[in-house]
Amino acid sequence: MNKFFKTSLGGTRFIIMIGNIVFKLPYYKCISQGRTQNIKEWQDKDKSTYLAKLYYSFPFGLCNIMERVTPLADPLSSIESELIRDYFKKKVKDKEELNFLLEDASLENFGTKKGQIVKLDWGGYGK
């Protein structure tokens, strides 16, 4: 990781990254959707070993605390999402887990951890 402290604004959540920890908070303009995404991430945290670790979710989806991974969009900005699909098709044999991982296979939803590609956002906005 190149920065100790960083912030980012996603579609429905405000992200605060401090060291190796990420805090996902619902964005004030779309609190309901942000809370829904946090709750869905907590419910689905064990669906795959290829997910960034979700340590804790505050009640009502107010905040998720996760491990910080290196976003793929940074080191591989020209990669196609098809390469992500191919990567997981080779690694994951369970069809349900594969479909879950590839539900939203846009590049910004993936990162790397210890040489593996992992999904860092699986809240499924709009799903």
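## Contacts around F110

In this predicted model, F110 touches P71, L72, I84, F88, L101, D104, A105, I117, V118, K119 and L120, when residues up to four places away in sequence are not counted. Among these partners is F88, a residue that returns in the sections below.

## The nonpolar core

The largest nonpolar core has 25 residues, and within this core F88 and F110 are the residues with the most contacts. At least two residues of the core come from each of strand 2 (13-18), helix 2 (81-91), helix 3 (95-101) and strand 8 (116-119).

## Aromatic pairs

Five aromatic pairs are found in the structure. In one of them, the ring centres of Y50 and F88 lie 5.5 Å apart and the planes stand at 80°, so this pair is edge-to-face. Y50 and F88 are both buried, and for F88 the relative accessible area is 0%.

F88 also pairs with Y87: here the ring centres are 5.1 Å apart and the planes are at 85°, so this pair, too, is edge-to-face. One aromatic cluster is formed by Y50, Y87, F88 and F110, and two of its members, F88 and F110, are the residues named above for their contacts inside the largest nonpolar core.

## A charge over a ring

A further arrangement involves W42, whose ring has the charged end of K45 sitting over it, at 4.2 Å from the ring centre.

Conventions:
Residues are numbered from 1 along each chain as its sequence is written. This is a predicted model: local features need pLDDT of at least 70, side-chain atom pairs count only at pLDDT 80 or more; totals for chains, interfaces and linings use all residues. Side-chain values use heavy atoms; hydrogens and water are left out. A nonpolar core is a set of buried Ala, Val, Leu, Ile, Met, Phe, Trp, Tyr and Cys residues joined through side-chain atoms within 4.5 Å. Buried means under 20% relative accessible area, exposed over 50%, partly exposed in between (1.4 Å probe, protein chains only). Helices (H or I, at least four residues) and strands (E, at least two) are DSSP runs, numbered from the N terminus. Contact means heavy atoms within 4.5 Å. Rings of Phe, Tyr and Trp (its six-membered ring) pair if their centres lie within 6.5 Å; planes under 30 degrees apart count as stacked, over 60 as edge-to-face and the rest as tilted. A charge sits over a ring if NZ of Lys or CZ of Arg is within 6 Å of the ring centre and within 35 degrees of the ring normal.
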